[in-house]
Amino acid sequence: MLAVEDLVAAYGRIEVLHGVSLRVEPGEIVAIVGANGAGKTTLMKTIAGVHPAASGRIRFADRDVTRLPAHRRVSLGVSLVPEGRQVFAPLSVADNLALGAFRAHGAGPAAADGRRAMEALFPILAERRRQPAGSLSGGQQQMLAIARAMMARPRLLLLDEPSMGLAPTVTRDIFRALADWHRETGLTVLIVEQNVAAALDLASRCYVLETGRVVAEGRSEDLRADPAIQRAFLGV
Ligand SMILES: Nc1ncnc2c1ncn2[C@@H]1O[C@H](COP(=O)(O)OP(=O)(O)OP(=O)(O)O)[C@@H](O)[C@H]1O
Ligand SMILES: [Mg+2]
């Protein structure tokens with residue numbers, strides 16, 4: 001589904017990804033973990049096309065998308081849930097969802113189906129349909145950000161730190177919804193998470209990013225048992 005090959009990305013002259021390679025197979029949930037500043041968000045933005053690749057290649061569903069603008073990647077099936085949620089605060093919940101569907105099917109009946117599916121997954125979004133997104137709680141905004149990305153009917157969902165700033169119970173609800181959706185639809189997911197325990201529970205495989213390089217990768221169960229991972233990320 002996704003193949004990132006030797007990806008380099010920079011801000012001005014400062015290189016922050018130094019040749020990252022990773023793969024995500026169809027139907028997989030894959031996690032990326034790493035310390036603050038490791039380059040996780042930059043990697044997600046570069047895969048989504050909102051930050052340019054300096055060199056290397058990004059292939060999605062057997063197409064080279066490295067130079068495609070973000071909106072074209074959305075049309076092909078890549079949706080990003082950005083770090084910090086970035087909902088459109090003054091707009092209603094319903095309008096945020098409608099904007100998510102814009103590239104996929106405009107405002108037609110398919111968009112209404114999508115909205116109903118997302119309201120079934122996150123019932124609070126139905127209750128708060130007319131409310132400005134900015135007035136929602138952090139957890140509700142995260143649900144909205146995920147639902148908005150899903151409205152584009154992605155084949156690959158990119159999730160950047162969905163648990164950021166949320167209480168453990170809210171994080172658990174969101175991860176449970178993601179796991180349910182994955183079980184029902186087989187959606188392919190690439191997730192960045194600081195909550196490494198939760199990420200390893202959700203994902204079947206995981207990459208560890210350190211200062212712009214992949215330093216470890218493996219099946220979640222193997223990483224969970226790895227003393228170095230336990231010391232660095234799991235508080236063991
Ligand atoms: N817009 C920017 N301009 C300049 N440098 C940036 C910019 N965004 C990020 N960086 C730098 O790039 C490096 C990687 O940042 P990035 O946000 O990708 O890391 P991260 O792993 O997502 O961190 P966090 O866990 O804090 O979200 C950091 O050194 C950061 O300071
Ligand atoms: Mg980040």
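This is a predicted model: local features need pLDDT of at least 70, side-chain atom pairs count only at pLDDT 80 or more; totals for chains, interfaces and linings use all residues.
Colleague: How many residues does helix α8 have, and what span from first to last C-alpha is expected at 1.5 Å a residue?

Modeller: Helix α8 takes in residues 168–185, 18 residues in total. The expected reach is 26 Å, and the helix reaches 26 Å from its first C-alpha to its last.

Colleague: How many helices and strands are in the chain?

Modeller: The chain has eleven helices and ten strands. Its radius of gyration is 17 Å, close to the 18 Å from the globule rule for 236 residues, so the chain is as compact as a globular protein of that length. The C-alpha trace spans about 45 × 40 × 30 Å along its principal axes.

Colleague: What is the order of the strands in the open sheet of six?

Modeller: Read across the sheet, the order is β6-β7-β8-β3-β9-β10, and the pairing is mixed. Strands β6 (78–81) and β10 (213–219) are at the edges with a single partner strand each, so one side of each has no neighbour in the sheet. From one strand to the next, the twist averages 15°.

Colleague: How many bridges join β3 to β8, and do the two run parallel or antiparallel?

Modeller: β3 (residues 29–33) and β8 (residues 188–192) run parallel and are joined by four bridges.

Colleague: Which helix lies across β6 and β7?

Modeller: That is α7 (residues 138–150), which runs at about 170° to β6.

Colleague: What is the pairing in the open sheet of four strands?

Modeller: The pairing is antiparallel, in the order β2-β1-β4-β5. Here β2 (14–24) and β5 (63–64) are the edge strands, each pairing on one side only. Between β1 (residues 2–11) and β4 (residues 55–60) there are five bridges, and Glu-5 has Arg-57 in β4 as its bridge partner. Helix α1 lies across β1, β2 and β4, at about 65° to β2.

Colleague: Which element gives the largest share of the shell around ligand 1?

Modeller: Helix α1 (residues 40–48) does, with three residues. The residues around ligand 1 include Lys-40, Thr-41 and Thr-42, and among the others are Tyr-11, Val-16, Asn-36 and Glu-83.

Colleague: How many residues of that shell are nonpolar, polar and charged?

Modeller: Three are nonpolar, six polar and two charged. Gly-34, Gly-37 and Gly-39 are also among the residues around the ligand.

Methods
Residues are numbered from 1 along each chain as its sequence is written. Chains are lettered from A and ligands numbered from 1 in the order in which they are written. A residue is near a molecule or strand if its C-beta atom, placed from the backbone, lies within 6 Å of it. Ala, Val, Leu, Ile, Met, Phe, Trp, Tyr, Cys and Pro count as nonpolar, Asp, Glu, Lys and Arg as charged, and the others, Gly among them, as polar. The expected span of a helix is 1.5 Å times one less than its number of residues. Two strands pair if DSSP finds at least two bridges between them. Axes are lines fitted to C-alpha atoms, for helices over the stretch in contact, and angles run from 0 to 180 degrees between N-to-C directions. Two residues are in contact if their C-beta atoms, placed from the backbone, lie within 7 Å. The radius of gyration is taken over C-alpha atoms; the globule rule is 2.2 Å times the number of residues to the power 0.38.
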